[in-house]
Amino acid sequence: KSGEEVPRKRETYNDQAHIRRISQFRLAVGRVSLQLGTASSFAQAAAQRRTQDLQDQALKQQMQDVLACAGGEVSGLEAAARLGGEYLSLDAEGRRRFLLVILQSFGPNPATVRRGTEELRVA
């Protein structure tokens, strides 16, 4: 019977199993995407922190130069004016960081302030 078609075994299609496999696949893809996105976010945040740290170090050096007046009084005034202009050009977050650099680098030592306050109370 060479011209006759051989009947194929009919495959059963289980909609529930198919839907479950697709859902599992989507969940797996979602988890991988989330992990990649999280890793990327961490890397971006770390790079941003490094950049900010470098900017803060440069800013601190500028402030130290102004305080030292290394080039004389006129040079010191010019450096102070440049530093003030830089502050005015910053956005709110930049100004906050600027003031934070001043506080952390040139502000009072909290332990010394506490001791002094305590000594005044006792006196």
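Arg97 is found in helix H3 of this predicted model, helices being DSSP runs of H or I of at least four residues, numbered from the N terminus. With a relative accessibility of 16%, Arg97 counts as buried, a class defined as under 20% relative accessible area, against over 50% for exposed and in between for partly exposed (1.4 Å probe, protein chains only). Beyond its neighbours within four places in sequence, Arg97 is in contact with Gln52, Asp53 and Asp56, where contact means heavy atoms within 4.5 Å.

Arg97 is also among the residues that line the largest pocket, together with Gln52, Gln55, Asp56, Leu59, Glu86, Leu90, Glu93, Gly94 and Phe98. A pocket is an open set of points on a 1 Å grid over the protein atoms alone where a 1.4 Å probe fits, with protein on both sides within 12 Å along at least five of seven lines; lining residues have an atom within 4 Å of a point. Helix H1 (15-68) and helix H3 (92-106) each contribute at least two lining residues. The space in this pocket amounts to about 170 Å³, taken as that filled by probe spheres set on the points, which are joined across faces, edges and corners.

Gln64 lies in helix H1 and, at 33% relative accessibility, counts as partly exposed. The C-alpha atoms of Gln64 and Phe106 are 9.2 Å apart, although the two residues are 42 apart in sequence.

Residues are numbered from 1 along each chain as its sequence is written, and side-chain values use heavy atoms, without hydrogens and water. In this predicted model, local features need pLDDT of at least 70 and side-chain atom pairs count only at pLDDT 80 or more, whereas totals for chains, interfaces and linings use all residues.
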